[in-house]
Amino acid sequence: MVTDPLVARMRPFGTTIFAEMSALATRTGAVNLGQGFPDTDGPPEMLEAAVRAIRDGRNQYPPGPGIPELRAAIAAHQRDFWGLEYDPDGEVLVTAGATEAIAAAILAMCEAGDEVVCFEPYYDSYAASIALAGAVRRPVTLRPSDGGYSFDPDELRAAFGPRTRLVLLNSPHNPTGKVFTAEELALIAGLCLEHDAVAVTDEVYEHLVFDGAHVPLAGLPGMRDRTVQISSAGKTFSCTGWKVGWVCGPAALVSAVLRVKQFLTFVNAAPQQPAVAVALGLPRSYFTGFRDSLRDKRDRLCAGLADAGFGVLRPAGTYFVTADITPLGGSDGVEFCRSLPERCGVVAVPTQVFYDDVAAGRRLIRFAFCKRDEVLDEAVARLRKLSAA
Ligand SMILES: *Cc1c(COP(=O)(O)O)cnc(C)c1O
């Protein structure tokens, strides 16, 4: 028997909390608002295009950087929505989801010991990808304030230093639903310039901003040349299982990412790539309709959670809402979420697992609202039992 085959740098990372909570949902028959996947399909034009591509024999390795029609559609999308110009040949790269793009960017640009500034709570792959690269994370804590989340600018300034290589920014932010303000983005951009750091932006929720507008960091003065912009089809087109993501940036940064990416997966999703090109070209009404429908769901679940007694932190974007369990007598989110299926038949995710500073997130849990209205209503009806008991 091989004893402990796992490298030391991966040992702190257990099974993801999503696996544990989804297994709990299946075992108990609870309503699963834990994992963030939609329970309806994406646009039919996109689904049909994928079926057609399979029938038309587009089933072999696509080109390394992605098929030309998808790269052109990504560049057109960046220009039309955000006013950012990228050359489809050399400044756009298709990846196996945003997850691979993030991992490849970190592995491509960080030497062992380099530091990555990021905001906690963070998406669960960030810490693992930083660790795989042998880099060091420098978390800045987002704390509940004014019904949303903010950070201390001095804490951000202090996180930068001579070893800072990257800043990893996710806005709109999972799990908090925070949309970084213009002032916050300007501060981050200024620090990147001052410290000659590269920004890696995770913008998978770019089309889910309910209050205000999405502003890519790459659009700020001086930032286009030092930003690796990442997004994906999964959230925008309700196809999280397709794993079609992309990277946009200046050629030098994109080719660095490609150098690593080609040895992680080489390529992926041949028949889905033309379908995502179709989806990116859908009329504006698709994108606004999708956002409006999720905004209604946000309002529906936020009202229900407040009614059930939670301290709701209303999200400005994404399809997640976080809630404070203190008013319901809870003090530890992990304990609370482990017992929730038995107590009332609902699954949520404790957000403390996404913090280095566990105490900062101990009382917070996350619900996903990318679910059919009747599912949200059923979850709320069940959660009401918590305060009635
Ligand atoms: C879902 C999600 C991802 C992963 O995107 P894929 O395209 O499925 O790899 C990355 N970042 C955040 C913040 C997410 O919520």
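1. Basis. This is a predicted model, where local features need pLDDT of at least 70, side-chain atom pairs count only at pLDDT 80 or more, and totals for chains, interfaces and linings use all residues. Residues are numbered from 1 along each chain as its sequence is written, and side-chain values use heavy atoms, with hydrogens and water left out.

2. Ligand shell. Helices (H or I, at least four residues) and strands (E, at least two) are DSSP runs, numbered from the N terminus.

3. Ligand atoms. A ligand nitrogen is 2.5 Å from an N or O atom in the side chain of Asp202. A ligand oxygen is 2.6 Å from an N or O atom in the side chain of Ser232. For the side chain of Lys235, an N or O atom is 3.0 Å from a ligand oxygen. Taken alone, the ligand exposes 380 Å², and the protein buries 94% of that. These areas come from the Shrake-Rupley method with a 1.4 Å probe.

4. Arg71. This residue sits in helix H3 (residues 68-82). Arg71 is buried, at a relative accessible area of 8%. Buried means under 20%, exposed over 50%, and partly exposed in between (1.4 Å probe, protein chains only). The side chains of Arg71 and Asp89 are joined by a polar contact of 3.0 Å. Such a contact is a pair of N or O atoms within 3.5 Å; within protein, one must be able to donate a hydrogen and the other to accept it, and residues adjacent in sequence count only if both atoms are side-chain atoms.

5. Backbone points to check. Most residues other than glycine have a negative phi, and most peptide bonds are trans. The bond from Ser171 to Pro172 is cis, with omega near -10 degrees. The bond from Asn174 to Pro175 is also cis, with omega near 15 degrees. Pro175 lies in the loop between S7 and H7. Asp146 has a positive phi of about 55 degrees. Asp146 is exposed, with a relative accessible area of 84%.
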